[in-house]
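Q: Could you take me through the reading of this fold and its ligand site, one feature at a time?

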Amino acid sequence: MSQIDQLPAGVVVVTGTSRGLGRELVNQLRQRGRSVIAVVRRIVSCTLPAHDDDLQMVEADLSTPAGIEAAIEGIELALGPRSLAALVNGAGAVTPVGPLVAHSSNAMTAALTLMAIAPARLSVALAQRMVPAARVLNLSTRSAHETFPGLSLYCMSKHALHSVSRSLQLECPTTMAVAELIPGEVDTDMQSDLRTPDPADFKMAEFFRMNQPNLIPTGLAVAFIAWVLLDTSPDDYARTDPWYVYDASTHPQWLPQGVAFNYPEP
Ligand SMILES: NC(=O)c1ccc[n+]([C@@H]2O[C@H](COP(=O)([O-])OP(=O)(O)OC[C@H]3O[C@@H](n4cnc5c(N)ncnc54)[C@H](OP(=O)(O)O)[C@@H]3O)[C@@H](O)[C@H]2O)c1
């Protein structure tokens, strides 16, 4: 396994850090000696360790335009004179589930704002604070490339996020290196949100219940995220295909010895 830090010096901003992948990523980044600005919807519900100079928190609801602008302002303030080495757009939500016909314009707007507009705005608004070769990592999903019944808001928002990633790759190649990463089905609250609905309302709940034994532990999925963010070379990082946790060709470089997925092709 390689652990040669290829990310330039500077602060890492992570969104969606109250729980799940975002919280564990903050922990692993701190273990690697990185200063982190953690963006949370509500500081009160965040169980990260108390802040110090190397872990600051910014409170913002990223599902509204005003919340996005508050996040940008808060990050600028927390950065002070320091520069940004990376931005990880992790905040996301699968709820509300249900068919498109059941969703209001407000629910559609909130989902698109959280999962596509916030990553786009944060990337461009913070570009001037980025070091050369700074990295943007967008947490994606197979739902960015396929559409599943009852997951309309999530699928359309993550499809839009895929397009945001491509736009940034095509339009800002000298300002930032942008990549998309699919962490697989990970054992976080998001998966429980997919299992708990009544299958009469959300048929895929049956699949997600059945699939529970195959979930990837959060720490392992984040080891993959941290490896992509910190340890891949500049030439490899900003590839056009998403980084995919089940891509066996990368496993020797980040998967601990003796660990294997019993669910290689979902
Ligand atoms: N888990 C999986 O199987 C899986 C698979 C593929 C992709 N992903 C992606 O990985 C990312 C992290 O997922 P996860 O599994 O860690 O999910 P999670 O455990 O449900 O955590 C989601 C995070 O996003 C934050 N968030 C939600 N709405 C927000 C808002 N309006 N403003 C600010 N923050 C908000 C949540 O904050 P609150 O605590 O305030 O709600 C929480 O910190 C997501 O983008 C997801 O799409 C996950």
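**Reading the fold and the ligand site**

Q: Which strands does helix 3 lie across?
A: Helix 3 (residues 105-125) lies across strand 1 (11-15), strand 4 (84-89), strand 5 and strand 6, running at about 175° to strand 4. Helices (H or I, at least four residues) and strands (E, at least two) are DSSP runs numbered from the N terminus; contact means heavy atoms within 4.5 Å, and axes are lines fitted to C-alpha atoms, for helices over the stretch in contact, with angles from 0 to 180 degrees between N-to-C directions. This is a predicted model, in which local features need pLDDT of at least 70 and side-chain atom pairs count only at pLDDT 80 or more, while totals for chains, interfaces and linings use all residues. Residues are numbered from 1 along each chain as its sequence is written, and side-chain values use heavy atoms, with hydrogens and water left out.

Q: In what order do the strands of the sheet run?
A: Two strands pair if DSSP finds at least two bridges between them. Here 7 strands form an open sheet in the order 3-2-1-4-5-6-7, with parallel pairing. Strand 3 (55-59) and strand 7 (243-244) stand at the edges with a single partner strand each, so one side of each has no neighbour in the sheet. Strand 5 (residues 130-139) and strand 6 (residues 176-182) pair over 6 bridges in the parallel sense, and R135 has A177 in strand 6 as its bridge partner.

Q: Where does the backbone have a cis peptide bond?
A: The cis bond joins T95 and P96, with omega of about 0°, and P96 lies in the loop between strand 4 and helix 3. A133, found in strand 5, has a positive phi of about 70° although it is not a glycine.

Q: Which residues are closest to the ligand?
A: A residue is near a molecule if one of its heavy atoms lies within 4 Å of it. The ligand is surrounded by 29 residues, the closest being S18, R19, R41, Y154 and T188. Helix 5 (189-195) is one of the helices that supply at least two residues of this shell, and helix 5 gives the most, with 3 residues.
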